[in-house]
Amino acid sequence: MTEFHAHLSPLLQNQKLGVLATVRHGYPYTSLVAFSVSDDTKKLYFATLSTTRKYENLKKQPQANMLIDSRSHQSSDFFQAAAVSAVGTVSECSTDQLHKLTESFLKKHPALKDFVTADTCVMMCLKVEKYILVHNFQEVTEWAPRQ
Amino acid sequence: MSKSVYPLKNAAKLSERKTGAKARNLGILHKNTFAIPRGSIITTDAFQQFINRNGLQQRIGMELNRKAFHDMRLEEIQDCSIRIRNMITASPLPAAFLKTLEEELNQFNTDRLAIRSSAPGEDTEQTSFAGTHDSFIDIPKHRVPEKIKQVWASLWSKSALVYRHKTGLDMLNNHMAVIIQELIAGETSGVFFTTSPVNNYESIVEVVSGLNEQLVDGSTPPQRLIWEKGNKQDLEKSCCTHTNLLSPQQLNTLFNTGTKLESIFGKHLDIEFTFSQDTLFLLQVRPAATAEQSKKQSPPHTLKQLQSLHIKITEKHLPLFRQTAEQWKNKNLDHLSAEALLEILRNRCNTFLEFRNIYTTDFIPFSEGMRLFGNLYNDTMHPDDPYEFINLLSKNGNLLSIKRNKKLMLLAKNYKKHTNSTIPQALEQQLQEACQQLTPSEYLGFSNHLTFDNFLNLLKKLADTEDQTATSKSTLQETFLKTSPDPKIAEQYLAIGRESYRLRDDDDLYIGALEKQLAACLEILRKKLPDNFTCPDSKINEWLQNGYTSFITQKTSAPPPPTASSTKARQIKGQPSGPGKTTGKARIIRNYDELFKLEKNEIIVCDAIDPNMTFVMPLASGIIERRGGMLVHGAIIAREYKLPCVTGIPEACNRIHTGDTVSVDGWTGIVTIHRPTL
């Protein structure tokens, strides 16, 4: 495993929430979302209601960025925390995969069962074109997974 | 603010966490009616309050985590230590603590004090920390506050960091108490090893005249007495023949004290002592050092030690190196038989190995002089940049490599005037000679592609470049000397720092000159020997078979071959080794030939720079080096040419490619690679 993946995997596996950035009226629009990751780490999944602004934003402009990090709000974060930005394009998950993806998502987030199974909730998929990893305060490395 | 200053005699009543091991042991001695110098303890609470008030815990944490510790070279660890030391010595002591300290110091009857470290956990059988934390003697009262901070800072001295890393101890969360004692100017001082470090059936006393410090730092050879442990008669016998510094009565007192102390502490001990008017004062007692610990010799680190090393280097080694290189160069080898050449090669090889040994034992330790001056400068000036002192070390281009480069620049300007006309014969000869001087031997690990055309191309590029070498800042020197409590001593430190800086760069050139002649001899011999020749000398045989392995190029090893990776570095963190910021095209230098491909304003990216390579520096706009340190050759030459420089970038040559646009931020140590991106 490369040093990059040694940092990336725990972030994607252990962190529950990420900050999703979409575009609204030309400005960045950020939302906190629960996410899960595909086995090959090329896709990130999150659930949203179809009435939300982020859903509306993504329908207009599907390019998005999700920040996932390991900060603990201690001063040691400066040298111990890592953060990754996942840059890519978001689409709704197709119905044939939905059951499997929802199951896997709920394994990580059992508290969201009612939310995810609501009729108005949509499972979204961020196809990652590039991960930008920052660790040890200023070390930045990029990885573009082949989709 | 909790109470943080106590009389030393009360140390046994306090926890070791507050007093540290050394102070607690002294408290136990006092409790058992042994004479110890009068003193006070500054507990670890004072240290903790100081660290917290100044927000130093976080800053030290950042510094220690700049890079994975196992990836750091010793020099980088030393740099890390200097930065932390400057953070601590430049931070103010709390006013309430200073008031308490002043009151405490007023109770001392003398202005000659000893300030000693006392860390919890040190001086135990498992973790001795021997010699890693600082202590100071003969300090007047008004300098005690600064010395306390210096003792605290020694928690992160290079040796302390290395020791903690090796033993798996925490490097960030440490504490330190400080002992302040009246200095007892005894007539005779020494260390009593109740059990020899090498066997358990003998006892040893090492003794010197006057203060103990000369014995501890190894500057004065002691008189040594060894006797069968517990056998007083044996001691009496050996005392008559081996020492005139201790009387039989004093030895008897020591013998009895050792026996009592072993019974009190329940272990073998090393006891530091001094005799003043026949009273035995115990200065320190700790569990006996192991043979391994006692074998450990600290490198020269005092001004006096470095001054005598300097004399040895400049008056003995360098003339010998120069003279030998000259003799080798002047000897015509072409007409000699293979047998005669082999004999010469054998002799040269032996001489070179001897010189290489001198290089390792004397030249490398002398580089300590720069940091010794650096610490004095930082203690005096408390600068924001802990490496500001380097500006004083450069003395207007007195490095050999800078002198060589200046000559080359002049030659380039002269050559430019004649590029469209016939080159005068005298100039042609100068050009040929200069080209010859820069040509490395093919056996030095280079492929010897320096053609005269390549050399002339280099001159054309140099001719269009301005000489940008830095001039030393005389105002900085003036302010430093004016601020120093003892300007005469400060000047001596500066002189040693400057010589250490100069020789750090020049020494490789001296060794390089010898190596070139050694390789030349090998080159001629190889041509004269039959293919299947085997030399009885295995080293020479290896060179004849596989080519010469350069000491210099081994030291500055070639970068590893590129490895395939799907990840791309965007920003890499290293050591900020030359201030400034620049953006330009990267030029990876993997071998000597690639130096000549360097174009004006490109950024050199290499594994390690040695002074034999730095003649292209006037063309560069920045330096990125794998080998880390503030005082490595790359950093020194970068400062001379005012080039932004970042060192200590792991796998620099693989993560950056020739032609990449890169930014070098020599203030923060960050290299950014600009690639088309999302």
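A residue counts as buried when its relative accessible area is under 20%. By that criterion, in this predicted model, the buried residues of helix 1 of chain B are B:T19, B:G20, B:A21, B:K22, B:A23, B:N25, B:L26, B:G27 and B:L29. The elements covering these residues include strand 2 (39-42), strand 3 (113-118), strand 5 (177-182), helix 10 (248-265) and strand 10 (279-287) of chain B.

Helix 1 of chain B is not straight: a bend of about 75 degrees occurs at B:K22, itself one of the buried residues. The end C-alpha atoms of this helix (residues 16-31) span only 15 Å, whereas a straight helix of 16 residues would span 22 Å. After the helix comes B:T33, with a positive phi near 65 degrees.

The cysteines form a separate topic. Over all chains, a search of the whole structure finds 0 disulfides. For A:C121, the closest cysteine sulfur is that of A:C93, and the two sulfurs are too far apart for a bond because they lie 10 Å from each other, while a disulfide requires a pair within 2.5 Å.

| Cysteine | Relative accessibility |
|---|---|
| A:C121 | 14%, buried |
| B:C435 | 7%, buried |

As to confidence, the model scores ipTM 0.85 and pTM 0.82. Chain B has a mean pLDDT of 85, with 88% of its residues at 70 or more. Within chain B, the mean is highest in strand 17 (residues 661-665), at 97, and lowest in helix 22 (residues 551-555), at 49. Residues 442-448 of chain B stay under 50 in pLDDT, and the model has 23 contacts beyond four places in sequence for them. Where pLDDT is low, the predicted coordinates should not be read in detail.

Conventions
Residues are numbered from 1 along each chain as its sequence is written. Chains are lettered from A and ligands numbered from 1 in the order in which they are written. This is a predicted model: local features need pLDDT of at least 70, side-chain atom pairs count only at pLDDT 80 or more; totals for chains, interfaces and linings use all residues. Side-chain values use heavy atoms; hydrogens and water are left out. pLDDT is the predictor's confidence in each residue, from 0 to 100. Helices (H or I, at least four residues) and strands (E, at least two) are DSSP runs, numbered from the N terminus. Contact means heavy atoms within 4.5 Å. Buried means under 20% relative accessible area, exposed over 50%, partly exposed in between (1.4 Å probe, protein chains only). The expected span of a helix is 1.5 Å times one less than its number of residues. The bend at a residue is the angle between axes fitted to the seven residues ending there and the seven starting there.
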